[in-house]
Amino acid sequence: KLFMVGCGAIGCEMLKNYALLGIGSRKHNGLITITDNDLIEKSNLNRQFLFRQNDIQKFKSDVAANAVISINPDINIKSYQHKVCPQ
């Protein structure tokens, strides 16, 4: 089980790697939980490769979770938009 805060440039790379490695696999009772309350902007598209033009103004965590499932359908992933600090 893994909990990740943020689905930006580094988060996209890590999620891709987790999907390719099978981390969070349903057959091993795994789970990846991600949270990011940020929305995708056009400026994100050149460095956050899980996102596409039609994803602009959608939550990064939701789109990233769907992209990971498209890489590895066996991944169990839940997305949230919770902040982890008061700011």
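Figure 1. Does Gln57 count as buried or exposed? At 52% relative accessibility, Gln57 counts as exposed (buried is under 20% relative accessible area, exposed over 50%, and partly exposed in between, with a 1.4 Å probe and protein chains only). What you are looking at is a predicted model, in which local features need pLDDT of at least 70 and side-chain atom pairs count only at pLDDT 80 or more, while totals for chains, interfaces and linings use all residues. Residues are numbered from 1 along each chain as its sequence is written, and side-chain values use heavy atoms, with hydrogens and water left out. Gln57 sits in the loop between S2 and H2 (helices, H or I with at least four residues, and strands, E with at least two, are DSSP runs numbered from the N terminus).

**Figure 2. The whole chain, for orientation.** Two helices and three strands make up the secondary structure of the chain, and starting at the N terminus they follow the order β-α-β-α-β. The C-alpha trace spans about 35 × 30 × 15 Å along its principal axes. Why does a radius of gyration of 12 Å agree with a compact globule? It agrees because a compact globule of 87 residues would have a value near 12 Å (the radius is taken over C-alpha atoms, and the globule rule is 2.2 Å times the number of residues to the power 0.38). Of the 87 residues, 39% are buried. Among contacts between residues at least 6 apart in sequence, 59% join residues at least 24 apart (a contact means heavy atoms within 4.5 Å).

**Figure 3. Surface and charge.** The chain has an accessible surface of about 5,200 Å², and carbon and sulfur atoms account for 54% of it (areas come from the Shrake-Rupley method with a 1.4 Å probe; for residues, only the protein chains shown count as cover). The chain carries 11 positive and 7 negative charges, whose mean positions are 4 Å apart (Lys and Arg count as positive, Asp and Glu as negative, and His and the chain ends are not counted; each charge is placed at NZ of Lys, CZ of Arg, CG of Asp or CD of Glu).

**Figure 4. The largest nonpolar core.** This core holds 18 residues, and those with the most contacts inside it are Leu15, Ile32, Ile34, Leu50, Phe51, Ala64 and Ile77 (a nonpolar core is a set of buried Ala, Val, Leu, Ile, Met, Phe, Trp, Tyr and Cys residues joined through side-chain atoms within 4.5 Å). Two or more residues each come from helix H1 (9-21), strand S2 (32-35) and H2, with H2 giving the largest share, five residues. Zoom in on Ile34: apart from neighbours within four places in sequence, its contacts include Met4, Cys7, Leu15, Ala64 and Ile77. Ser61, Ala65, Lys78, Ser79 and Tyr80 are also among the contacts of Ile34.

Figure 5. Ala19 belongs to helix H1 and is buried, with a relative accessible area of 2%. Beyond its neighbours within four places in sequence, Ala19 meets Val68, Ile71, Asn72 and Ile75. Ala67 is part of helix H2 and is buried at a relative accessible area of 14%. Ala67 and Lys16 are 51 residues apart in sequence, and their C-alpha atoms are 8.6 Å apart.

Figure 6. Asp74 is found in the loop between helix H2 (60-71) and strand S3 (77-80), where it is partly exposed at 26% relative accessible area. Which residues does Asp74 contact, leaving aside neighbours within four places in sequence? They are Gly24, Ser25, Arg26 and Lys27. Asp74 and Asp55 are 19 residues apart in sequence, with 23 Å between their C-alpha atoms. Asn76 also has its place in the loop between H2 and S3 and is buried, with a relative accessible area of 17%. Not counting residues up to four places away, Asn76 touches Gly24, Arg26, Gly30, Leu31 and Ile32.

**Figure 7. Asn29 between H1 and S2.** The loop joining H1 and S2 contains Asn29. Asn29 is exposed, with a relative accessible area of 60%. Its phi is near 60°, a positive value in a residue other than glycine.
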